Every structure is written in C-alpha cells, then in structure tokens.
Amino acid sequence: TSLSPSQFLRRQQVLQLYRKILRAIREVPAEADRRYLKDWAREEFRRNKDATEEDAIRMMITQGNMQLQELQRTLKLAKS
C-alpha cells in the first residue's frame, strides 16, 4: 500500500523518534536497565504500529518526545 504524503512524513517522524530513543538508551550505564528500556521501547512502538488515527499518532509522537527528553535529562544528571 502506498502512503499519502502526510502519512509518509508521520512515519518518518516515528522512525526518527524510535532511533533517537534507542540511541539515548545506549547511554544508560547499567546493562539490565538498558535491556529493560530497549524492550519497553520496542514493545510500545510495536503495540501502536497499526494506529491510523492522525491525532492519536501525533499525540503519541509528542508523548514519545517528552519521554525521550526525560531520559536525556536523567542521563545528564547521572553524569554530573
């Protein structure tokens, strides 16, 4: 199936968010925490992969970005 331009852009945003989250998780010092967070992220994205409602997807992206920022903040605090 082909995607509309807005669906294509949304998909790019989702993939970009996923990659950023996985990259941030790599910075987590404890192996067990890294594994837990990676499984959590994978499961969240998998669970929502069939979402089609534009507003819901936009909201999930916003929520994901907020969680990413929180993780980055926590990692920065842990390093200081």
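Ala51 is partly exposed, since its relative accessible area is 30%, where partly exposed is the range between buried (under 20% relative accessible area) and exposed (over 50%), taken with a 1.4 Å probe and protein chains only. This residue sits in the loop between α2 and α3 of a predicted model, in which local features need pLDDT of at least 70 and side-chain atom pairs count only at pLDDT 80 or more, while totals for chains, interfaces and linings use all residues. Residues are numbered from 1 along each chain as its sequence is written, and side-chain values use heavy atoms, with hydrogens and water left out.

**Overall architecture**

- The protein has 3 helices and 0 strands, where helices (H or I, at least four residues) and strands (E, at least two) are DSSP runs numbered from the N terminus.
- Read from the N terminus on, the order of elements is α-α-α, and the C-alpha atoms fill a box of roughly 45 × 20 × 15 Å along the principal axes.
- Of the 80 residues in the protein, 18% are buried.
- Among contacts (heavy atoms within 4.5 Å) between residues at least 6 apart in sequence, 70% join residues at least 24 apart.

**Surface and charge**

- The accessible surface comes to about 6400 Å², and 54% of that area belongs to carbon and sulfur atoms; the areas come from the Shrake-Rupley method with a 1.4 Å probe, and for residues only the protein chains shown count as cover.
- The protein carries 17 positive and 11 negative charges, whose mean positions are 7 Å apart; Lys and Arg count as positive and Asp and Glu as negative, with His and the chain ends not counted, and each charge is placed at NZ of Lys, CZ of Arg, CG of Asp or CD of Glu.

**Annotated region**

- An unreviewed UniProt entry annotates residues 12–70 as "domain: Complex 1 LYR protein"; UniProt positions are given in the numbering used here, feature names are shortened, and annotations may be inferred rather than shown by experiment.
- Over residues 12–70 the chain is 83% helix and 0% strand, with 22 Å between the end C-alpha atoms.

**Helix α3 and its packing**

- Helix α3 covers residues 54–79, and its 26 residues reach 38 Å from first C-alpha to last, close to the 38 Å expected at 1.5 Å a residue, the expected span being 1.5 Å times one less than the number of residues.
- The buried residues of α3 are Ile57, Ile61, Gly64, Leu68, Leu71 and Leu75, and they pack against α1 (5–26) and α2.
- An α-helix has 3.6 residues a turn, so residues three or four places apart point the same way.

- Leu17 lies in helix α1 and is buried, because its relative accessible area is 4%.
- Leaving out residues up to four places away in sequence, Leu17 touches Phe45, Ile61, Gly64, Asn65 and Leu68, whereas Leu17 and Trp40, 23 residues apart in sequence, are 14 Å apart from C-alpha to C-alpha.
- Gln12, also placed in helix α1, counts as partly exposed at 31% relative accessibility, and its C-alpha lies 16 Å from that of Asp55, 43 residues away in sequence.
- Tyr36 belongs to helix α2 (residues 31–47) and counts as exposed, because its relative accessibility is 56%.
- The C-alpha atoms of Tyr36 and Ser6 are separated by 33 Å, with the two residues 30 apart along the chain.
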